[in-house]
Each structure stands twice: as structure tokens, then as C-alpha cells.
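Hi everyone, thanks for coming.

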Amino acid sequence: MTRVVTRKRMIGLPLMLMAIFLVGCTGSAAGSAGASVLATQVNPPTPETGSPYPAADPAEATPSSMPGMVVQLSPEPEIVHGTATIEPAPTKSSEPTASPTPDTRLKPEEWQSWPIIPEATNRAREIYQAGLALGNDPHHFSKVGDCQSIQEAFMGFYDIPTRYTLDADRQHLKATIDQFTGSFLRDGMAVHGGFTAASPLSPMLANPDTCQPGETPLECEFRVHKPVIVFIRMEVWWEGRSAETYERYMRRIIDYAIEKGAVPILATKADNVEGDHEINLTTARLAYEYDLPLWNFWLAAQELPNRGLRDTFHISYEGWNVLSYTGLEALDSVWHGVQQTQ
Amino acid sequence: MSRLNPVLAAVLFLAGASGCSPMPVQATTAATLPLSTWTATAVPTASATPSPQPTSTATPEPSPTSTSTEEPVYTPTPGPTPLGGTGKALFSLERRVDEAYQQMGVYLFDFSLGQVETIAGEGYRLQDVSPDGRYLLLSLGSELYLTRQDGSNPRLVTDRLLPYPTTAAVWTGDGKNLAWIEGTGLENRLVRCPIEGSLPGMERTTEVETGDSIPVTLHPVPGEATLVWEYGACQSGVCTRNGIRVAGIDGTLITDIPGAHHPAVSPSLFLLAYIQGGVEPQNQLTILSLEEGSSAYTITLPGNHLLDFSWSPDGKSLAVLNLERSDYSGRWFDIRTILLQAPSWTRKELMPAFGLNARVLWSPDGKNLLLSGTIQSDTEYLVEMAVLDVLRNKAATHQVPGLMSGEEVVLTGGLKWLSPYPFE
């Protein structure tokens, strides 16, 4: 029962969580100084003193740098709309398979042909209305994800009006930016480098300054931010991880988001580290089963050099622009869609 | 089980709503505080069905001390908690279920025997221990009870206690008053009740002036008739804290520190340690003398999340737990145990603490630190405690037997290091 300890102890963690850090989002050892290293690597000296972001010059980005901020100057709308010809048909039931209406949606196995920008489903509308009734803030969205979802990489600059411009035919997106001001330049409690689908569910990874004792990062984020929409993008892969494990934890995250009245936006990833696109297929299956919006970023990345990657996993500098822009369009589409009557 | 003296019950009844105990009928019910003992082989498990009584194979017979007909007429013992570490910790446990905290009871852990004794069963939470260590304040939802150290002879003090998982009731350091927070979360008020030489419930409560601050958590002040509370608001099971207020027992304001949290007052030097909120990272500890005209002293410590701190009994050392956590990955590294020694606040690093909800507490004799935290195995969460010899920097660790929780997180609530037990 009692043992004398004379050596330094380690905090006990389950094997599952140990595995999280074997291969972090960086692809290298993620140390406690990760954040500061990131800042110094990504952000070279910029002419804009005090700005958290570097100048919008891709030439300044080093190939080895972590995902940095790219200013969205001129998005490429032709990429955004993809090649899909069949839109998912919303059903009137929360159980898609029980709908008397013929299900004309593309099957999960055809996920590569799903449109880049999703539309709100009837299920999403139900969740949104439930969230409003629960007191969620209609001006808030959240992110649940890894290093590819941190504010420097994903949409953060939409909270800095001087750091982006919208083309004339994209001005409608301004309303969405205005609606969710404050949520873009924010990581929240459920985004960290190296996070896998299990991570947001572990109280051992919560921020003790903000989160309650025993609270998970996911619970903490929903409590403090009360989002109506949540991006869920868990992309980190390590050797031995299975799609089944990914699916099991993703279900818990999705179920929780729905219970809390936040519309999940799932996303495909640009990489195929696992070799057979099993993770994207699983994500599509979940979106299909739950009748949730799926933002097909994989498709958007296909037209980019090296399919939007700078190595086997990390999204390239060019990819960040497309990631943020298509993410904004997905948010815009879903947000407008969930407000429409069924 | 009830041992409430009928005469006393009548007096309590007459005291009525204006007294500390507005519902004397409840006092009779309170006398059914479960009492039992167990060993590591006879303890509840996560699969056990929740029961209002502690799940134990032991027959819930009254403990030997509870057979006494003596009523717990409280008489304060001068001075601080008697010195002499005992190897026994009194603590309450709570389990996080469905984003709420279920109180699992109040327990006494004998480190040397590895045994846990139930002081009060499910639903009860430890609020405070009298300065002489002889009596306890336990809460059950919005009810506050005064009991002996072994949980016997419970007396209802109030049924209006703030029903949140927080410290809402304390003994004043001079032992002469109880103070507690009444309310439901948003409209709380702070009250006190003289207790010296009499039963609580016999005296009238007095509301303490709190200004525009809504008290949400009280903090004991060793040796002093001073009240320290954090203010904010409690809603949906969570209390937010917006600042610290220190006042005399009559409510006379001593200091108000907006944005600060985690106050701890030293036993003899009247120093207030706290964390100033809104500063990133949260690794700056501020120490403020509560003597008039003093200025605050800020110490930046290695690590980035101050978790807990505790003053030594002589008030000259402050043990601090500071988590090193990666802001990038969220990963927790060491929880550093740092000893700061007055007056120059020289720093000495001890063995690291551990786990979720890491806590530190000085032993009454000033020789040891009690460290507690929740660790996670492959299958469950469990509470672990360690007694750290400060001089030798060696620790003996103890897993609290039988209090594992399966997939649910179990945490220590109130935590006190007791003077010799049984006391007498």
C-alpha cells in the first residue's frame, strides 16, 4: 500500500494519451516550449510591430516552419466549388435511413466527390435550434482540433480586418465574419498541437486556469464559449492508430456537440498518412450517418501544388489560404442554412 | 441513531428561523450521518450502486465515541492546531458525473495503516475543521452540520448554505465564530454565528457586510478573527471568481483585490498570498502584507499554471504547486513543488507533485507536506496522496484504497491534516 519514493515521479497517463505524443502535430518532439518555438519559427520579423502575424509574403515562409498565418488577399473561388454534381439531400428525420424520402445523397464511399462546401442538413437545423434554446451564443463558433486548427493556421485573420480582403463577388461572407467576430482569432480550450480524437476527451489535457477540476477540454470549451457551430478536425495520425479508434472517439465528440446544441462541421483532411484514406472515409461515414455537414477540404486541396501538403502531413503555405477560405465558406453556408425553416 | 437531546431540540425549535438553525426538525434527521469503517478489502467500487449510505461491508454501528451522551458544546482551545503530525488526513471526495460534482463523502485516511474510515457518507462534503481539530463542519447540499471529529453528534447549523462544490463555511481562526455563505449562487450573503461556549443554532446569525461583492468561496484564516472570501457568481454548477476581499469579523473592509483568486493567509505574519488573474502565464504569485500601508510583492515562479499553495504553521514558508504545461500541445509535464521562505522568499525545489486537482498542505508540525492528486491508470482514476518530508525531500506515496471511480474522475474536495486522533 505504501511505498517510499526517492526518485522523481511522473504524472500517470494512460497508454492512449502517451501515444498521442509519439508523433505530434509537428512531426517532431513537442516540448513545453512548443508555443514559443512556433512563434519564433513562423513569425519572422514583420514590419507590423505588435501584429501576431507575419507579412503576407509566402517567400518568408520556410519549408520547415509550422503552419503560419497567411493573409487571405485574394481567394480562389474556382477551387471552392469543387466538382461535385450531387448535393446531399436533407431528410426530414434525424434518422437519415428512416426517411421516407429517397436518399439521394452520395454514399460515404464516394466522399471524394462530395462538394467542398456543405449545406446545412435538417439535422443541423434541429441541433441549431436546440442550441439556441439551451442558451448558446449565436455569435460563437468553436474549433476542436490539432495544430492545423490553431488560429495562426485556421481562419484567425478574419478577426483582423486589416489582414484580409474579400473579392467583390465574395462580399456576402462579410456578414458571417461580422456574426462570428471574436471566434476566429481564438483557439479555445479544445485545440492544441498533437491533439487526436481522444485528446479533447481527456481531463489530463485541460487548461487548469480556465477549466474546472476533472473537466475535459471539450466540456470546458463548450462551457466557456457556448458555440452554436463547432468545427471538428482531428487529423493527427501515428503508426498503429486505427480508423476504429478514431471513429470511437469522434462519435463521443459529435454526440457531445449535438447534446450541447452546437452544429458539428466535420472535415476531410488533405493528407493520406494512413495510406488508404481510411480516416476521411470514416469521417464521411459519420457525417452521412449523423446527417451532418461535411466540409471536403481534401477536394479543395487537390488543385494545389503537392495536393496542398508540404510534407506527408502538414498543409502547405498555399494550403492555409484555401483552408481558411473554404472553412469560412463552410461556416457561411451552414450558418445561413440552419437559420432557414425546414 | 439520533442522539439529539429532547431539551436541546426544544430550544432549537424555539430558536426558530432567526437562529443559525432555522429548521430544528432537520437536526434530528442529521443525526443519521452514516458511520462505518473499512479496510482496503471492503470498499465501494465504481460499479457499486450509489447509495445514500456508504457502501461498505462493515456494519454501520456507532463508533465508540458516538455513544457518549455528551453534546458537542464547543469550547475553543487557545492557539493553533496542536503540533505533531499524525499521519492522518481528513478529506472529502467528489466524483465528476455528467459535468456535475457528486459528493462521495468525508473520509479519514490513516497513512500508517493504509485504512480509510468513513466519517460521513455520500452527499457530504468537508467544509472546515475547528481550530483545535475537535469538530467538523460538513455540508449536505444546502445543509451545514457541526459534528465531532469522527462525524458523530451532527447538529444542523443552517439549511441555506450555498449548495455548490466549494468551501462555503469556515471557522474563524480564533475559534469563536462560524461563517458561511447563504444563497443559491447569484444572490449570496455572508453570515456569521458566534459559537464560543454554546451550541451553534442557539445564537442569532449576523449578516456580514460584503459591499457589492457576492461571496462564492470562503477561506480559513489561521489564528485571526478575519474573513477572506472570493466573490463572483455561481450558476449552473460552476462558480466564477472575480476578486478577493478581506474583512474583519464585523465586515470592516481590510482589502479588496479585483481580479485576484486563490487567497491564502499566513498563520502569524498576516500575509496574503494570491494569484492575480488576467496575467499570462499564470505563474506569478503575489504576497501582500495585510498591515496597513504595505505594498504587494510579486514572485515569478518556474512553470506556467499555479495550482495551489499552503502556508507553514509558523507562517514563514509557503509551499507552492506550479504546473509546467505546454501551451502548444496542452500536455502536462511536472507539477513543481516549490518552497518559498520569508522574508527574502528564497526558493527551494522539492519533489514534484502529481495528478489532476493537485493539492498541497502543511502538516501541523511543519515538517511534512501532504500532496494529493488524481492519477489515471489505463482503466480508472484514483486519488493518490504523498507525505513529503520537507527536510529530506523524500516522499511516501499512498493510494487511497477503494476509492477508485472507473471512467469518472474522482477528486479530493476539502483536505485537512488532522491533529492526533482520536482526540483526547
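So, to start: which residue is the bridge partner of B:Tyr145 in E8(B)? The partner is B:Leu156. Before I go on, some housekeeping. This is a predicted model, where local features need pLDDT of at least 70, side-chain atom pairs count only at pLDDT 80 or more, and totals for chains, interfaces and linings use all residues. Residues are numbered from 1 along each chain as its sequence is written, and chains are lettered from A and ligands numbered from 1 in the order in which they are written.

Back to that pair. Strand E7 (residues 143–148) of chain B and E8(B) pair in the antiparallel sense over 3 bridges. Strands here are DSSP runs of at least two residues, numbered from the N terminus, and two strands pair if DSSP finds at least two bridges between them. These two belong to an open sheet of 4 strands in chain B, ordered E5-E6-E7-E8, with antiparallel pairing. Strand E5 (124–129) and strand E8 (155–158) of chain B each have a single partner strand, so they sit at the edges with one side lacking a neighbour in the sheet. From one strand to the next, the twist averages 35°, with axes being lines fitted to C-alpha atoms and angles running from 0 to 180 degrees between N-to-C directions.

Now over to chain A. There we have an open sheet of 4 strands with parallel pairing, in the order E2-E3-E4-E5. Its edges are strand E2 (141–145) and strand E5 (294–295) of chain A, because each has a single partner strand. E2(A) runs parallel to strand E3 (residues 229–233) of chain A, joined by 5 bridges, and A:Ser142 stands opposite A:Val230 in E3(A).

Next, one loop residue. B:Leu301 lies between strand E20 (297–300) and strand E21 (305–311) of chain B. Leaving out residues up to four places away in sequence, its contacts include B:Asn283, B:Val320 and B:Ile338, a contact being C-beta atoms within 7 Å.

Last, confidence. Chain B averages a pLDDT of 78, on the predictor's per-residue confidence scale from 0 to 100. Over residues 21–85 of chain B, though, pLDDT stays under 50. For the complex, the predictor gives an ipTM of 0.78 and a pTM of 0.77.

Technical notes:
Two residues are in contact if their C-beta atoms, placed from the backbone, lie within 7 Å.
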